[in-house]
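Open the model in your viewer and keep the selection panel at hand. The tour goes from the whole chain to single side chains.

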Amino acid sequence: MSLDLAIGGMSCASCASTIEKALGNVPEVSMASVNLATEQAHVELSANINPERIVQAVVDVGYEAEIIARHEPRREEPLPGGWHVVFAVLLTLPLVIPMALDLFGTHVMLPGWLQWLLATPVQFWLGARFYRAGWKAAMNRSGNMDLLVAIGTSAAYGLSVYMLMLGEIHFYFEASSAVITLVLLGKWLESRAKRQTTEAIRALQQLKPETARVKRGDSETEIPLEQVMIDDLVIVRPGERIAVDGMVIEGKSHVDEALITGESAPVVKEPGSRVTGGAVNLDGVLLVRTLAIGAETTLARIIRMVEDAQIAKPEIQRLVDKVSAVFVPVVLVIALFTSLVWGIAGADWEAAIINAVSVLVIACPCALGLATPTAIMAGTGVAARYGILIKDANALELAHKIDEVVFDKTGTLTEGKPSVIAAKAPDGDETALIRLAAAIEHGSAHPLARAVITLAEKRGIIHEPALELLDMPGLGLQASVDGQRAYLGNQRWMLQLGISENALTELAQGVGSAGRTVSWLALKTEGQLQLKGMLVFGDEIKPSAAFAIERLHALGIATVLLTGDNQSSAANVAKQLGIEKVLAEQSPETKANAISALKQQQRLVAMVGDGINDAPALAVADVSFAMSSGTDVAMHSADVTLMRSDPSLVADTIDISRRTYRKIKQNLFWAFIYNLIGIPLAAFGLLSPVIAGAAMALSSVSVVTNALMLRKWKPGHTS
């Protein structure tokens with residue numbers, strides 16, 4: 001059982017750590033993860049518990065919590081604190097402008113009482129949030145950004161009030177007000193930037209229509225989507241979004257599935273085609289039988305996977321959390337040490353306090369807390385936009401280190417269904433051969449029969465169904481066509497019927513049937529059996545497969561073909577694609593063993609598959625990819641689901657993983673280096689509190705902005 005909470009009042013990574021610790025102290029909680037960027041907590045429960053106890057655990061440590069229903073559309077909350085920023089700027093500008101003019105030799109000073117009058121509402125009204133959150137943190141024996149700001153600005157404000165009472169003329173009201181204003185502005189800008197990291201989920205949620213037009217009996221009724229039931233007939237007119245997952249039973253149209261699968265070109269849908277809720281019907285009227293509703297629809301599962309990936313924490317974030325847990329106490333000690341050293345060293349205590357204030361203000365645990373989750377959110381979001389669904393953050397983190405990619409053959413690198421790749425007749429009349437074969441195969445549900453019928457339809461060859469059809473198990477079919485006896489089957493049957501092996505060999509020359517399935521067609525005319533031709537069937541390689549392998553090799557990643565097919569067929573596919581290593585004639589168990597053997601070579605191995613027989617191997621691989629065109633078992637076993645049956649998306653996944661991980665490292669570097677440089681500068685008196693406040697405000701904004709650069713990423717085949 002799991003529970004999700006919307007958390008209010010967090011300001012930095014220390015807040016997230018405090019809440020995680022509080023939730024972890026509840027006996028029934030087996031795991032708790034708090035995401036600063038999404039402001040949500042995910043809680044795994046080991047036993048039934050009143051959800052209000054979980055909420056209360058968060059409230060008890062000084063934060064707000066509300067139970068949220070997973071995978072419901074996120075409410076568009078207004079940006080917090082916008083008016084606070086405006087008021088703070090209006091009250092602070094008169095204090096800061098004289099300081100700025102002083103740099104240019106113009107000395108203007110507001111009376112002390114007026115400075116106090118402007119600074120007080122900024123400090124205690126607009127800055128009240130820092131006192132509230134800082135007090136709660138102190139009561140819970142933890143620290144956060146709010147505590148640092150509250151202590152630092154209070155020191156500057158208190159020192160200024162003390163000097164005003166002594167009749168001095170130099171104050172630090174502008175420092176305390178400017179710091180609060182800049183931090184408020186920074187948090188507001190940060191909230192705006194963080195909102196952009198969740199655009200992918202909001203875009204997906206907006207795909208779901210509110211209503212559906214249902215045909216029941218002879219009447220059409222528009223009803224709320226929640227009232228649609230399985231097997232309902234839904235009418236979709238041109239320009240409308242398809243409301244449900246289902247199958248087309250009437251009509252033909254082009255459908256735009258770009259926001260679901262990442263496929264830019266419209267797809268033709270006709271009777272028998274599956275359609276996905278959220279796609280746009282472009283030009284025809286479709287009648288769709290409902291196959292999935294609610295949480296079981298493809299769109300709902302996509303949203304669920306993206307949300308799961310964005311709320312999870314990769315291992316690198318757990319290391320950052322440990323650093324953040326001790327960050328604030330260490331900064332408080334450094335600030336205290338700074339003031340004591342300056343005071344004891346002979347400097348006036350006024351300078352000592354201001355330098356300590358700069359230390360408190362420059363320190364920013366926000367950037368550390370946002371470095372990883374914002375990059376993860378941006379990376380998983382843009383990947384989903386192009387049809388790559390990453391199940392969790394660890395999969396995204398691991399994918400950048402993949403050394404070897406193992407591919408299943410059928411349905412992964414090939415189309416997964418047979419087609420006629422060659423037709424040859426002794427007299428050269430291919431059309432007559434195909435017409436005769438299609439007549440015999442008419443009405444059969446066998447995959448080879450469907451391939452023949454499809455070829456006839458593509459070429460516009462009209463045929464009449466054969467008569468007296470007789471199925472010869474293990475051999476083929478015999479039937480009556482235009483009063484003649486026809487035989488369509490394998491070579492063994494042809495030899496039994498009396499066709500010479502030389503005749504078969506001669507006809508097969510130059511066709512390239514090695515590793516293929518071949519059907520021969522013979523016709524008995526006036527008692528004489530004549531060989532009329534041969535049909536070669538093959539599972540065609542996907543158009544993007546060669547490009548996919550080429551891209552992986554360019555990334556320095558080895559490829560392996562792992563298949564249950566025979567060695568000849570597997571070797572033929574591998575040769576065409578440039579795959580050097582082939583493991584053929586594998587069972588589901590030996591596939592899993594093969595993956596384990598590769599992992600024992602100290603390599604990080606990925607597996608790509610689409611069938612039930614691939615599930616064990618997918619489970620064993622370090623990172624697993626499943627085609628959405630495959631089975632549900634494969635998709636549930638996989639870390640990454642590819643919404644298009646396109647193997648080149650594997651290289652795209654590795655590419656976005658590498659870019660995301662690079663952003664994480666960049667963000668963490670800048671977050672750490674900012675504090676490593678800024679805190680010593682402040683301690684040595686080289687930073688004023690105002691500059692320190694500006695730097696602190698901009699640090700977290702810069703981290704989020706850097707992560708948002710991932711939104712410009714495009715897959716290799718579209719860039």
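pLDDT is the predictor's confidence in each residue, on a scale from 0 to 100. Colour the chain by it: the average is 84, and 94% of the residues score at least 70. This is a predicted model, in which local features need pLDDT of at least 70 and side-chain atom pairs count only at pLDDT 80 or more, while totals for chains, interfaces and linings use all residues. Residues are numbered from 1 along each chain as its sequence is written, and side-chain values use heavy atoms, with hydrogens and water left out.

**The whole chain**

Switch to cartoon. The chain has 25 helices and 26 strands. These are DSSP runs numbered from the N terminus (helices: H or I, at least four residues; strands: E, at least two). Select residues 632–637, helix α23: its mean pLDDT of 58 is the lowest among the elements. Then select residues 404–407, strand β15, which has the highest, 95.

Zoom out. The C-alpha trace spans about 130 × 65 × 55 Å along its principal axes. The radius of gyration is 34 Å, whereas a compact globule of 719 residues would have one near 27 Å. That radius is taken over C-alpha atoms, and the globule rule is 2.2 Å times the number of residues to the power 0.38.

Now show the surface. The accessible area comes to about 32100 Å², 57% of it belonging to carbon and sulfur atoms. Areas come from the Shrake-Rupley method with a 1.4 Å probe; for residues, only the protein chains shown count as cover. Buried residues make up 52% of the chain. Buried means under 20% relative accessible area, exposed over 50%, and partly exposed in between.

**Salt bridges**

The whole structure holds 16 salt bridges. Each is a side-chain nitrogen of Lys or Arg within 4 Å of a carboxyl oxygen of Asp or Glu.

Select E240 and R213. Their side chains meet in a salt bridge at 3.0 Å, N to O. E240 sits in the loop between β7 and β8, R213 in strand β5, 27 residues apart. E240 is partly exposed at 25% relative accessible area, but R213 counts as buried at 15%.

Which residue pairs with D408? Select K591; the closest N and O atoms are 3.2 Å apart. D408 lies in the loop between β15 and β16 and K591 in helix α21, so the pair ties together parts 183 residues apart in sequence. Both D408 and K591 are buried.

Move to D646 and R644, whose closest N and O atoms are 3.9 Å apart in a salt bridge. D646 is buried at 12%, and R644 is buried at 8%.

Select F672 in helix α24, residues 648–683. F672, L676, I677, L681, F684 and L686 make a nonpolar surface patch of about 620 Å². Patches are made of residues with over 30% relative accessible area and no salt bridge; like charges are joined within 9 Å, nonpolar side chains (Val, Leu, Ile, Met, Phe, Trp, Tyr) within 5 Å.

Last stop: S699 in helix α25, residues 689–708. Is S699 buried or exposed? S699 counts as buried, at 7% relative accessibility. Leaving aside residues up to four places away in sequence, S699 touches C364, A367 and Y674. Contact means heavy atoms within 4.5 Å.

Terms used: Buried means under 20% relative accessible area, exposed over 50%, partly exposed in between (1.4 Å probe, protein chains only).
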